[in-house]
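Here are a few notes from going through this one, jotted down point by point. Have a look at the structure first, then read on.

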Amino acid sequence: ARDLLPCPEKWLCPREKVAKVACVWDTLNSAPRGLRNIGNTCYLNAVTQVLTASGPLVYVARQHQRCARTAFCALCQFRRYLEGV
């Protein structure tokens, strides 16, 4: 029998959204693709591949609408990266 984690006492977002992300987890993950290393970018590439394989983050990024911000938005940049992968 698998040991299940106990339910959290406090949810940071509605349980329905958590369940929705869990249901689509398998469809979000694709095999991480290799990235070209330029100089010392191997560490950045490793982090990028880990983030790309994180189902909940990919789900949130794909649901994120493009900002009207003039400042840098990491979520917008990550979504742009995912569209090119």
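1. Let's begin with Thr 48, which is buried, with a relative accessible area of 19%; that counts as buried because the cut-off is under 20%. Bear in mind that we're looking at a predicted model. Thr 48 sits in helix 2.

2. Who does Thr 48 touch, once residues up to four places away in sequence are left out? The answer is Leu 35 and Tyr 81. Leu 35 is 13 residues from Thr 48 along the chain, and their C-alpha atoms are 9.0 Å apart.

3. Tyr 81 leads us on to helix 4, residues 74-84, where Tyr 81 and Phe 78 are three residues apart, or about one helical turn. As a reminder, an α-helix has 3.6 residues a turn, so residues three or four places apart point the same way.

4. On aromatic pairs, the count comes to one. The partners are Phe 78 and Tyr 81: their ring centres are 6.3 Å apart and their planes are at 25°, so the pair is stacked. For reference, the cut-offs are 6.5 Å between centres and 30 degrees between planes.

5. Are the two partners buried or partly exposed? Phe 78 has 11% relative accessibility and counts as buried, whereas Tyr 81, at 26%, counts as partly exposed.

6. Now for how helix 3 sits against helix 4. Their axes come within 9 Å and cross at roughly 100°, and the two helices are therefore roughly perpendicular to each other. On the helix 3 side, the contact is made by Leu 57, Val 58, Val 60, Ala 61, Arg 62 and Gln 63; helix 4 contributes Leu 75, Phe 78, Arg 79 and Leu 82. By type, the residues of this contact divide into seven nonpolar, one polar and two charged.

7. Phe 78 is buried, stacks with Tyr 81 and takes part in the contact between helix 3 and helix 4.

Definitions and conventions. Residues are numbered from 1 along each chain as its sequence is written. This is a predicted model: local features need pLDDT of at least 70, side-chain atom pairs count only at pLDDT 80 or more; totals for chains, interfaces and linings use all residues. Side-chain values use heavy atoms; hydrogens and water are left out. Rings of Phe, Tyr and Trp (its six-membered ring) pair if their centres lie within 6.5 Å; planes under 30 degrees apart count as stacked, over 60 as edge-to-face and the rest as tilted. Helices (H or I, at least four residues) and strands (E, at least two) are DSSP runs, numbered from the N terminus. Buried means under 20% relative accessible area, exposed over 50%, partly exposed in between (1.4 Å probe, protein chains only). Axes are lines fitted to C-alpha atoms, for helices over the stretch in contact, and angles run from 0 to 180 degrees between N-to-C directions. Angles under 35 degrees count as roughly parallel, over 145 as roughly antiparallel, 65 to 115 as roughly perpendicular and the rest as oblique. Contact means heavy atoms within 4.5 Å. Ala, Val, Leu, Ile, Met, Phe, Trp, Tyr, Cys and Pro count as nonpolar, Asp, Glu, Lys and Arg as charged, and the others, Gly among them, as polar.
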